[in-house]
Protein chains: 2
Amino acid sequence: MIQAKIAEILDSNQFLQEFEVKGWVRSFRSNRFIAMNDGSTINNLQCVVDFENFNEELLKRVTVGAAIRVLGTLIESEGSQQRVEIEVKELEILGDANPEDVKLTILSPKRHSLEKLREQAHLRVRTNTFGAVMRVRSKLSFAVHSYFQQNNFHYVNTPIITGSDAEGAGEMFKVTAFDIENPPKKEDGSIDYKKDFFGKETNLTVSGQLEAETYALGLGQVYTFGPTFRAENSNTSRHLAEFWMIEPEVAFCDLDGNMDLAEDFIKYVLKYVLENCKDDLAFLEQRLLNEDKSKPQNERSDMNLMEKLHFVLDNNFKRVSYTEAIEILKNSKPNKKKKFNYVIEDWGADLQSEHERFLVEKHFKCPVILFDYPANIKAFYMRLNEDGKTVRAMDILFPGIGEIVGGSQREERLDVLQSKMKELDIDEKELWWYLETRKFGTCVHSGFGLGFERLVQFVTGMGNIRDVIPFPRTPQNAEF
Amino acid sequence: MIQAKIAEILDSNQFLQEFEVKGWVRSFRSNRFIAMNDGSTINNLQCVVDFENFNEELLKRVTVGAAIRVLGTLIESEGSQQRVEIEVKELEILGDANPEDVKLTILSPKRHSLEKLREQAHLRVRTNTFGAVMRVRSKLSFAVHSYFQQNNFHYVNTPIITGSDAEGAGEMFKVTAFDIENPPKKEDGSIDYKKDFFGKETNLTVSGQLEAETYALGLGQVYTFGPTFRAENSNTSRHLAEFWMIEPEVAFCDLDGNMDLAEDFIKYVLKYVLENCKDDLAFLEQRLLNEDKSKPQNERSDMNLMEKLHFVLDNNFKRVSYTEAIEILKNSKPNKKKKFNYVIEDWGADLQSEHERFLVEKHFKCPVILFDYPANIKAFYMRLNEDGKTVRAMDILFPGIGEIVGGSQREERLDVLQSKMKELDIDEKELWWYLETRKFGTCVHSGFGLGFERLVQFVTGMGNIRDVIPFPRTPQNAEF
């Protein structure tokens, strides 16, 4: 007898071998066919029971959601739905699932809306869609680590709780050990943060980049992969208050090298999941096709899921300067016909998702890297070009979603960095350690950030970012 | 000309090949020998300059900490310290390091205390010790992912911000988007958390276990690897307020399976770093030997670093019940002679580090797994044994540090779990979702937690946990 996972059994050719398998009942047809799943694969194992050999009371307990143990023989299946099946010799109920209670949950065998599934995030991974998404997410995260480790990057855990609030990447959550009802006060009535746990005000990080830079300037090439936070009241399908970010940072690397790295990295991880998540991606592609059928023609996707992944994998990313892109957009049909919500008029405009998607999907028909953005719409640490008005920033634009990567060459010149910080009123005292890296063997270096959930959305085709992270945190929602 | 990392060049046999390499100056002897490091390895590359061929002003700028570019030819070295060296043809200063400023930092070439290094955590990775520790940390984290992925575990990101405070694993940090000076109040004067970002009080997670359980009961076997937090005012060499935790969770797995998993996992990751971090571990071992020399004989380590790693790798972990362990301790010499700070008198006592180390280092002389602890010193979710007074908990004990893993089989029986929660006054409403997993196909399942920094401490031999994480967070310290 072999104890096995369903993924192994479905691939097995050991006919007449006895297997023991444990999992959950997905369906039980005709008092004869149990479809069983154990999470190892999207596919169910068909277990065939001869009801004459089993106690009636036992078979009654084979209900949707119940945990069972099956021991039986592997045989070729006569049905067309599966290659193999298990002829059941022993059947044991490990954990019941009362059908009356199951009816009230998303485990019940009918279509549930994604909204409803979100309310039961503790159970939704037991559905086909979320099982598939979460297995793909796991593989994708391993692809991230594998890529960087194979290329001799060092993984670095930058701090989650941070005392510096000068990064300017967005609104921050505050962290405190105080009783907020009654924090200690100073004589002037203001809160005495010296008495807080860390002896100062602290926040949740919005990016590990500045800390990662200090490590790149010692270890050479590093990457982060950890949670980051935004306290922004954005109730959209693209925003989370808590999300995972990947931030490589490379010493002695300029913007061109940064673009090469990002393109190579993205292609590696897509290739990895295409090779390692075939069944899950096939299911997710079919899911999208079914979803599209219920939509009017003009709202359906131009590409199916595999086509979209290969669109990125098989094309060179087109590298276009911001200035060129503005010219293209200004002269584009939708701009002239005022079809864009934001009509592009002048150099300096911040691009919206509609413009980014036009460039990718209509104009270039390939992934696009825009670079050399106007300095005043980008962050303080980006390297100023000789023209004095653009910085060595880059954004990578994808079909369907627009920006997926934002990066830059960093300003390595101490004096230029200092004057930029002065201009933007960023306190040098807050970032003394960041400035010191420019004093002691500074060098050209670059990096980028990629929001992991955006990548999972792209790979799985899920429309709402809340559906690609196990327990999403959004305004008014921190359940579980 | 080949652009290369120092790690590659030091392994190369391409003599007379031209290499270009960029890095930082570690020393410059006799106006001739530059020791250069780029973070790819603990070892420096010796670059030999013929000062007659170079501008004197240029050579003056080759100072400790400066970033340089070297182009030269690989030759066999005549010195005994290195196999190969670079005969320099071109030398370029990329970033200066003013010696007067460097003198004030830990980059200056003299011995600095670990305390001093901590104050300059943005620079310390450029020292031998911290370069080695952080490279080992990176490899170790990849070993963790590799082990679980090879064994078909799914990585799951449990939430960092949590609305549930019932886990009882320790003091929590509060998270808020309020202006703490002036939060909105209800009519009765208390704070109106409904108006906070998440519409309720939220904290930083102390463990992802409960959420991971919900995923194990769908995907079969999962693991977390993410940051966790404790707002405990523990100013010790073993505690951090922010640390990374690994928590596997496996459905249909009992405590014996859990012990097997933990032992197999630990041996895999130790083997991985022994194979992949040879140079760094050799350096760290030598560092400890040097440190020991300055200590009195009775404070020196019994084992050197490699011996300690092999002590764990080459021994079977001895499995001993808590009850047996108490008998051994009660009858032990240090207990009878009252050498323990806490003398063991009765069954039920909580073990201290001194007892754990006695069992491992003196009595069994191998790693030890203690199991079946008294219920009342363990958490509510651990499975109650038939004796009604012990639970299926396990702790793994290591030489030098005591407990490194804590785990258990989980209480899968809804009624037993409910009565335990009632007993401990844990609100069922808070954990409705956790209880539901016991209603719908509950099953035997187990898991454990391993504090990643404790593991890095064990592998690197670093005595203070603040020295194995890039930017440690401890009471009164959230700098950088």
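B:R287 and B:E291 form a salt bridge in this predicted model, their closest N and O atoms being 3.1 Å apart. A salt bridge here is a side-chain nitrogen of Lys or Arg within 4 Å of a carboxyl oxygen of Asp or Glu. Both residues lie in helix α8 (residues 278-293) of chain B, four residues apart, which is about one turn of the helix. Helices (H or I, at least four residues) and strands (E, at least two) are DSSP runs, numbered from the N terminus. B:R287 is buried at a relative accessible area of 14%, whereas B:E291 is partly exposed at 30%. Buried means under 20% relative accessible area, exposed over 50%, and partly exposed in between, with a 1.4 Å probe and protein chains only.

The model is predicted: local features need pLDDT of at least 70 and side-chain atom pairs count only at pLDDT 80 or more, while totals for chains, interfaces and linings use all residues. Residues are numbered from 1 along each chain as its sequence is written, chains are lettered from A and ligands numbered from 1 in the order in which they are written, and side-chain values use heavy atoms, with hydrogens and water left out.

**Salt bridges**

Over all chains, the whole structure holds 54 salt bridges. Side chains of opposite charge can pair when their charged atoms come close.

| Pair | N to O distance | Relative accessibility |
|---|---|---|
| B:R287 and B:E291 | 3.1 Å | B:R287 14%, B:E291 30% |
| B:K295 and B:D292 | 3.8 Å | B:K295 29%, B:D292 11% |
| A:E327 and A:K330 | 3.7 Å | A:E327 41%, A:K330 30% |

In the second pair, B:K295 counts as partly exposed and B:D292 as buried. Salt bridges that share partners also join A:E20, A:R69, A:E90 and A:E92 into one network.

Why are A:E327 and A:K330 separated by about one helical turn? They are three residues apart in helix α10 (residues 322-330) of chain A. A:E327 is partly exposed, and A:K330 is also classed as partly exposed.

**A sheet in chain B**

Chain B contains an open sheet of eight strands with mixed pairing, in the order β7-β11-β12-β17-β16-β15-β14-β13. Its edge strands are β7 (154-155) and β13 (318-321), each of which pairs on one side only. Two strands count as paired if DSSP finds at least two bridges between them. Strands of a sheet pair through backbone hydrogen bonds, either parallel or antiparallel.

β7(B) and β11(B) run parallel and are joined by two bridges; B:Y155 has B:Y223 as its bridge partner in β11(B). Nine bridges link β11(B) to β12(B), and these strands run antiparallel. B:T224 stands opposite B:E247 of β12(B). Strand β12 (residues 242-251) of chain B is in turn joined by five bridges to the antiparallel strand β17 (residues 445-451), where B:S446 is the bridge partner of B:V250.

How many residues of β11(B) are buried? Nine of its nine residues are buried, so the strand is mostly covered. Helix α6 (residues 209-219) of chain B lies across β7, β11 (221-229), β12 and β17, running at about 30° to β12(B). Such angles run from 0 to 180 degrees between N-to-C directions, with axes fitted as lines to C-alpha atoms, for helices over the stretch in contact.

**Two individual residues**

A:Q409 is located in strand β16 (residues 402-409) of chain A. Is A:Q409 buried or exposed? A:Q409 is buried, at 5% relative accessible area. Its side chain reaches the backbone nitrogen of A:L255 at 3.0 Å. Leaving out residues up to four places away in sequence, A:Q409 touches several others, including A:D254, A:Y381, A:R392 and A:H445; contact means heavy atoms within 4.5 Å.

B:F51 sits in the loop between β4 (45-48) and α2 (56-60) of chain B. B:F51 is partly exposed at 43%. Beyond its neighbours within four places in sequence, B:F51 is in contact with B:N31 and B:L59. The C-alpha atoms of B:F51 and B:S30 are separated by 9.7 Å, the two residues being 21 apart along the chain.

**How the chains relate**

Terms used
Polar contact = N/O pair within 3.5 Å; in protein donor to acceptor, adjacent residues only side chain to side chain.
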